[in-house]
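Thank you all for coming; I would like to take a few minutes to walk through one model with you.

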Amino acid sequence: MIYGIEIHEIIKKIFDDVKGYKDSEQLKVCCPRCQQRDGLLIPDGKYNLEINTRKNVFHCWKCDNPKFSGSIGKLVKLYGSSYDYKLYESYSRIYYNKNLNYNNLNEEDVSDIYYQVKLPFEYISFKNMDLNNDKHLEFYNYWVLNRKLSIDLAYEYDVGFCTHGKYGNRIIVPSYDKFGKINYFIGRYIYDDKKHPKYLNPPLDKTSVIFNENRINWDSTIFIVEGVFDMFSLPSNTLVLLGKELYLSIFNKLREKKPNIVLVLDPDAIRDSIRIYMNLLSIYGYFEYEKKIRMVVSNTNNDIDEIRKIFGQEKINNLLKNSKSLNINEINMI
């Protein structure tokens, strides 16, 4: 596994000639500062600038006075476009601790500093629950009787719960990145007590997360939903937005892979669905989108999870079968 491999694309776009591209965490490019200092019209061909995508640092071995080094973000900001930097920021929230100011650190300082998401210490997997424990039984009843979800589904998605602690009385739904490493989780409060927030998640910018990317087949049809409990109501290969926005990290992945898409947002978010639909048009174009993008339009105000609980899974299946592409005239009328 090459740590920070998505950063390679940004470096490639800026410098073009990159040694170690998608082959090593240690990249080499020709130093633009050297080229400028020596008054050269083309790169010097010496590859003195090294970039480490694991450590999030760069350093030119020739530039001594002044020294030319720092975070990859600094390098991208100096020589890339504003879009390159926004893309870097998106990935850096995944790979590097966003609370650190890397521009003030040297290479040794940042050798092994990353933001690590961990499941709560009190987390208990449904696989390990004790049904003789009354508290555990409460979570089982919430999942099976209240949510009307199978316990096998909880096992499959590694769902668990916390009986106490910061995330006490919450169902915990973990997310794993494409390498199978924990990158986020959702903590859903199981009671109707309005003194507690319904959701409590880790202190990480969710815009950097592709929820359960390890379960997504980008070459197959992808169902896009708002929340994790909507995910449990649909077939596999579901992409969770964690809200009503198409974040940059998700947009870039869709633009890269160009899968078939079915938008399954809540009925009260029709405007958001249209906005996302229009954003997706920029990926596929006006001549291809009718084959690639479809949207579920429901005649009820219930969200997908509620529709399944009230009407059953067959109703969900019928909605998916009747999903459709929208033409421009329909979009303007909504």
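Let me start with a question: in which hand, left-handed or right-handed, does helix 1 pass helix 3? This is a predicted model, and in it helix 1 passes helix 3 in a left-handed crossing. Helix 1 covers residues 5-15 and helix 3 covers residues 72-79, and their axes come within 11 Å of one another while crossing at roughly 35°. On the helix 1 side the contact is made by I7, I10, I11, I14 and F15, which meet I72, L75, V76 and Y79 of helix 3. Sorted by class, that contact holds nine nonpolar residues, with no polar and no charged ones.

Helix 8, residues 248-257, packs with helix 9, residues 270-284, at an angle of about 35°, and here the axes are 9 Å apart. The crossing of helix 8 with helix 9 is right-handed. From helix 8, the residues F251, L254 and R255 meet N279, L280, S282, I283 and Y284 in helix 9, and this contact divides into five nonpolar, two polar and one charged residue. Staying with helix 8, its buried residues are S249, I250, F251, N252, K253 and L254, and just after the helix ends, K258 takes a positive phi of about 50°.

Leaving aside residues up to four places away in sequence, R147 touches Y142, R188, F229, D305, R308 and K309.

Turning to the chain as a whole, there are 13 helices and 12 strands, and of its 334 residues 49% count as buried. Among contacts between residues at least 6 apart in sequence, 55% join residues at least 24 apart. The chain exposes about 16,900 Å², of which carbon and sulfur atoms supply 48%.

Finally, a word on confidence. The mean pLDDT is 84, and 89% of the residues reach 70 or more, but over residues 98-115 the pLDDT is below 50, although this stretch has 31 contacts in the model beyond near neighbours in sequence. Where pLDDT is low, the predicted coordinates should not be read in detail.

Methods. Residues are numbered from 1 along each chain as its sequence is written. This is a predicted model: local features need pLDDT of at least 70, side-chain atom pairs count only at pLDDT 80 or more; totals for chains, interfaces and linings use all residues. Side-chain values use heavy atoms; hydrogens and water are left out. Axes are lines fitted to C-alpha atoms, for helices over the stretch in contact, and angles run from 0 to 180 degrees between N-to-C directions. Helices (H or I, at least four residues) and strands (E, at least two) are DSSP runs, numbered from the N terminus. A crossing is left-handed if the near helix is turned anticlockwise from the far one by less than a right angle, and right-handed if clockwise. Contact means heavy atoms within 4.5 Å. Ala, Val, Leu, Ile, Met, Phe, Trp, Tyr, Cys and Pro count as nonpolar, Asp, Glu, Lys and Arg as charged, and the others, Gly among them, as polar. Buried means under 20% relative accessible area, exposed over 50%, partly exposed in between (1.4 Å probe, protein chains only). Accessible areas come from the Shrake-Rupley method with a 1.4 Å probe; for residues, only the protein chains shown count as cover. pLDDT is the predictor's confidence in each residue, from 0 to 100.
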